[in-house]
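This report describes the pockets and the overall build of one protein. Please examine the sequence and the structure before reading on.

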Amino acid sequence: MGHAPLAPGNAEGAPTRRRPRLLGRLTALAAAAALLAACSAEPTTTGSASTSAEPTVLRVGVVSLSDSDALDPAEATTTGGYILSRQLFDTLTEYGTDGAWKPQLAASVTPGDTAKTWTVVLNDATWSDGTTVTADDVVATVKRWFSKKLPPSGSLPFVDPDKVVATDAKTITFTLKYPTLTFPEALASPTMAIVPSDFDATKPVGSGPFVLASNDPGVQLTFTANPDYFAGKAGVDQLEVKSFPDSASAASALTAGQIEVDASLDPSLVDTVKGVDGYQVFDYSTSGSLTWVMNTRKKPFNDPVVRQALRLAVDRQQLIDQVYNGYGKLGNDIFNPFDPMYNASLPQRSYDPEAAKKLLTDAGYTLPVTVELVGTNNQPTSERQNEALVEQAKAAGFDVEYTFVDSATFYGDAYGTYPLSLSYWGFLGIFDQAAFTVTKTAPYNSSHWTDTEFDKLYDEAVQTVDDTKRKELVARMQTIEYDSGAYIVPLFLSTVVGLSATVTGAQAYPNSDGAFGYNFRILSLQG
């Protein structure tokens with residue numbers, strides 16, 4: 001899933017400093033590109049895990065780790081939190097390289113006759129302390145979500161924690177509140193990772209491909225391979241995840257041989273990285289998006305007319321061309337194009353500043369309408385996307401005042417109070433996306449948008465087993481979001497990764513957050 005924010009709170013930690021506009025940012029990137037072209041030092045090669053006596057160390061750069069990265073997967077909200085979850089723990093299911101769900105820690109996930117009862121059988125796995133992963137651990141994990149009111153509980157409205165039962169050491173039966181075929185995909189989020197029944201987040205024990213060796217919050221995470229990982233030992237012996245303040249410095253570190261993987265390569269630097277001998281770029285389309293969230297509790301976004309006008313103020317193709325260097329696909333203000341339920345029949349919304357101004361003036365607004373936008377570096381392109389909106393919206397009758405804050409502040413107590421903000425979302429099925437962000441029980445509803453008809457349709461759709469009927473209900477849900485919702489989904493991002501030529505094993509994970517879905521276990525180093 002995308003980087004879900006912490007729960008809304010008070011206004012402490014509000015934005016405090018401004019950022020330069022688009023021209024200055026592009027100038028800085030041009031300078032960075034020139035620096036990259038000069039940085040062509042040979043990479044440090046550590047050799048192959050299977051042939052070298054020295055341990056193989058894969059160094060991965062990200063933008064950026066945070067002091068708020070959670071060691072408890074159920075409370076993960078940031079890049080570092082999701083990386084930690086994917087290395088240390090396992091989810092019962094995951095999204096694979098084809099974008100569809102598949103069993104992960106589970107060996108199988110099968111429905112009963114009505115999809116109200118599901119049986120999960122576990123793989124033979126052990127915790128990193130050597131003890132066996134059992135059905136009791138799964139039951140305890142699920143009950144913990146609900147008893148502590150952790151975020152996963154809010155996105156599983158169909159789960160009754162009192163009816164999750166271990167029937168033997170490896171088998172769990174879930175008797176749901178109502179039938180739903182969305183059950184398996186709902187368990188794929190890294191926040192849904194299974195933990196031991198006596199889990200202690202200060203000393204995390206997991207079943208994942210790596211074990212945490214050290215944690216320097218906001219600076220570096222260091223892992224060692226779990227030799228007993230049930231799916232096979234990771235491709236390297238050690239993994240170092242290093243934080244960089246921006247994409248230019250991460251890319252410079254890549255071409256200088258300081259890291260082997262730039263997990264968040266800025267698309268504007270692709271050609272420069274490709275131009276340095278010994279480096280390559282791996283990219284693929286995804287369901288993720290940097291989406292603007294309009295707070296319906298704050299003026300002017302309590303008015304659906306203003307929400308529609310701002311959607312018309314976004315030049316989506318220009319964002320793809322200029323901010324993303326062509327690495328993206330048009331969005332239409334709804335999620336997820338990889339989901340078979342996606343409503344592709346809605347007219348593609350396009351840039352129409354004159355229509356936006358007419359909506360505003362007909363509704364009695366005096367132009368320009370002033371809007372406060374708050375953003376952070378939740379992706380390498382976040383600032384440029386925000387700065388582009390500032391310029392694009394001028395012609396549509398908006399004066400967008402952009403304020404930048406660090407990620408800890410952005411996702412802190414003030415989250416949910418910003419009139420307009422840019423969040424990183426996606427990598428969830430349509431039902432999960434709704435459950436996390438806009439339904440009546442959503443744990444991360446920073447837009448505060450609610451719609452009784454939408455909730456009614458959602459409740460009916462998740463209980464509908466017939467595919468055709470369910471798709472009709474979802475189409476109506478997404479039409480409501482398209483017409484009056486609070487999200488602007490301008491495009492779907494491509495994952496763009498910079499790699500040393502020594503790295504092998506890269507695969508696309510189009511429905512999973514982060515480079516390779518943060519499944520760094522698949523990567524190896526060749527000598």
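## Pockets and overall form

The largest pocket holds about 250 Å³ of space. This description rests on a predicted model. Lining the largest pocket are 16 residues, and Y95, W101, E185, D339 and P340 are the ones nearest its centre. The second largest pocket holds about 160 Å³ of space. Its lining has 14 residues, with S64, L65, P245, D406 and S407 closest to the centre.

The table sets out the classes of the lining residues.

| Pocket | Nonpolar | Polar | Charged |
|---|---|---|---|
| Largest pocket | eight nonpolar residues | five polar residues | three charged residues |
| Second largest pocket | five nonpolar residues | six polar residues | three charged residues |

The report now turns to the protein as a whole. Its secondary structure consists of 15 helices and 22 strands. The radius of gyration is 23 Å, close to the 24 Å given by the globule rule for 527 residues, so the protein is as compact as a globular protein of that length. Along the principal axes, the C-alpha atoms fill a box of roughly 65 × 60 × 40 Å.

How much of the protein counts as buried? Of its 527 residues, 60% do, buried meaning under 20% relative accessible area. The accessible surface amounts to about 18800 Å², and carbon and sulfur atoms account for 50% of that surface. Among contacts between residues at least 6 apart in sequence, 73% join residues at least 24 apart.

Terms used: Residues numbered from 1 in each chain as written. Predicted model: local features only at pLDDT ≥ 70, side-chain atom pairs only at ≥ 80, totals over all residues. Heavy atoms only, no water. 1 Å grid on protein atoms, 1.4 Å probe; cavity = no way out; pocket = protein on both sides within 12 Å on 5 of 7 lines; lining within 4 Å. Points joined across faces, edges and corners; volume = space filled by probe spheres on them. Nonpolar A, V, L, I, M, F, W, Y, C, P; charged D, E, K, R; others polar. Helix = DSSP H or I, 4+ residues; strand = E, 2+ residues; numbered from the N terminus. Rg over C-alpha atoms; globule rule 2.2 N^0.38 Å. Buried < 20%, exposed > 50% of the residue type's maximum accessible area, 1.4 Å probe, protein only. Contact = heavy atoms within 4.5 Å. Areas by Shrake-Rupley, 256 points an atom, 1.4 Å probe, with all protein chains shown as cover.
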